[in-house]
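Work through the following exercises with the sequence and the coordinates open beside you. Each task is followed by a solution that goes step by step.

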Amino acid sequence: MVVQSRGRRLLILGICCLSLLIVGLDNTIVNIAVPAIGRDLDAPLSGLQWAIDAYTLVLASLLILGGSTADRLGRRRVFQTGLVAFSIGSLLCGIAPTLGWLIAFRVVQAIGGSMLNPVAMSIITNVFTDRRERARAIGVWAGVVGISMALGPVVGGLLVQTVGWRTIFWINVPIGIAAIVLSALFVPESRAPRPRRVDVPGQIIVLVLLASATFAIIEHQPLAGLVALLALVALLLVEPRRPEPLVDITLFRSPPFAGATAIAVAAFGALAGFLLLNTLYLQDVRGLSPLRAGLLTLPIAAITVVLGPLSGRLVGSRGPRPSLLVGGAGILASGVLLSGLTADTPLPWILAAYVAFGIGFAMVNPPITVTAVSGLPVAQAGVAAAFASTSRQFGSVLGIAVLGAVVTAGLHGRTMSAGFSPASHTGWWIIAGCGAAILVIGTLTTGTWAKSRQPDAELVDA
């Protein structure tokens, strides 16, 4: 492997972060456009949930496959292929004539996105060979993921208000083209010394598990829930018998790795749910425009921009625990502050909750990646990154599905403007519970005992 100069390494990091910017934006930018899309395409809330979750669901299902494919075929090649697919999907989303077509084109986006997040992390891990420099680079990468997701509502609100909701997808196209050109010029090609084989049964089971679980929650279908349960049992029975499983169950014997996975689900479930509830409240209850609603979330974005990279550096110097504890406390506080939300809640109170959530999310995101990657072998960098990214996306899927279902059930036939506030109270308590879970899990899985139970292997050193 050719050692790159420091300037070249930073340039490669910037290119990877550029691709992650559009993927992260698309996780949350659609939230602020939900009311506008619903009016334009005459779609119910459950249909709009699918417009968001179709993207994150497919992304979560294919990330591990994307990482292992890049390890085998070449990381730059797969990275560029993903950028092309994502850009084409974005272009098509912007011209979708119906909700069905929009959901279909979101799937195309997600297929491309599945080749970006884990592969970018794999490229970064292989380019930054020094332990501390790698930890800082991963912290920056994770910070960009969080920043892009937090900026989504602000950018989306501006575009929806001034140009229209279709432009929230078209904005990805020029960025994607720039990333394609830059990666061709500066990103080196690399492969794993011993790439993993494709686990077809495992891939099918994971896709069925996530899709059926999401369908059961959004559409209130017990049969789909049963299918999800059977898929989970199949996963636990089949994967340990595979020579190179898609999901290596044994890795979850490591408390830090298992903890990072659970924390990622809780943190990104809280983020996705928080942004969905916030959008519905500000636009449908308070009657704010998309731009004003997006601007009110600016504290979340601004705090994430500042604290995200700082949290990454803190993880590199002091380990993940301080960031996780501050992050969990912030998310917990935000949910509690909004648990009694009404149509007349003072805006300063709401902004205080946004500040608390911004602090929490900014601090909790970087240690997720560092901890998860440090729990897997160096040679499988793509798979290591995919586990962390999959956990994030799965959390987003659950956040949208669960909190959307909670609000729908709590409306009891009332209109969104009249019934949302009381219907959302349970949702805010769920977000507070996610923060509490991060506090507990972060404390338990980052101590001396947890580190001593890491599996014996040549691990990525965080």
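Rings of Phe, Tyr and Trp (for Trp the six-membered ring) are taken to pair if their centres lie within 6.5 Å, with planes under 30 degrees apart counted as stacked, over 60 as edge-to-face and the rest as tilted. The model is predicted, so local features need pLDDT of at least 70 and side-chain atom pairs count only at pLDDT 80 or more, whereas totals for chains, interfaces and linings use all residues. Residues are numbered from 1 along each chain as its sequence is written, and side-chain values use heavy atoms, with hydrogens and water left out.

**Exercise 1. Aromatic pairs**

Count the aromatic pairs, and classify the one formed by Y55 and F86.

Solution. Applying the rule gives 10 aromatic pairs. For Y55 and F86, the centre-to-centre distance is 6.4 Å and the angle between the planes is 65°, which makes the pair edge-to-face. Helices here are DSSP runs of H or I with at least four residues, numbered from the N terminus. Both Y55 and F86 are buried, where buried means under 20% relative accessible area, exposed over 50% and partly exposed in between, with a 1.4 Å probe and protein chains only.

The rings of W165 and F169 also form an edge-to-face pair, because their centres are 6.4 Å apart and their planes stand at 85°; both of these residues are buried. Finally, F268, F274, Y354, F357, F361 and W428 form one aromatic cluster.

**Exercise 2. The largest pocket**

Describe the lining of the largest pocket by residue, by element and by class.

Solution. Start from the definition: on a 1 Å grid over the protein atoms alone, a pocket is an open set of points with protein on both sides within 12 Å along at least five of seven lines, the probe being 1.4 Å, and lining residues have an atom within 4 Å of a point. The largest pocket has 19 lining residues, and L209, L235, V247, F252 and F394 lie nearest its centre. Two or more lining residues come from each of helix 9 (200-219), helix 10 (222-238), helix 11 (255-285) and helix 16 (381-411), and helix 10 provides the largest share, five residues. By class, 16 of the lining residues are nonpolar, three are polar and none is charged, if Ala, Val, Leu, Ile, Met, Phe, Trp, Tyr, Cys and Pro count as nonpolar, Asp, Glu, Lys and Arg as charged, and the others, Gly among them, as polar.

**Exercise 3. The course of helix 13**

What span does helix 13 reach, and where does its kink lie?

Solution. Helix 13 (residues 298-318) has 21 residues and reaches 29 Å from its first C-alpha to its last, close to the 30 Å expected at 1.5 Å a residue, that is, 1.5 Å times one less than the number of residues. A kink of about 30° lies at V305, shortly before the proline P309, the bend being the angle between axes fitted to the seven residues ending at a position and the seven starting there. Among the buried residues of helix 13 are I300, G308 and G316. Helix 13 is followed by G319, with a positive phi near 90°.

**Exercise 4. A loop residue**

Is D42 buried or exposed?

Solution. D42 lies in the loop between helix 1 (6-41) and helix 2, and counts as exposed because its relative accessibility is 71%. Although D42 is not a glycine, its phi is positive, about 55°.
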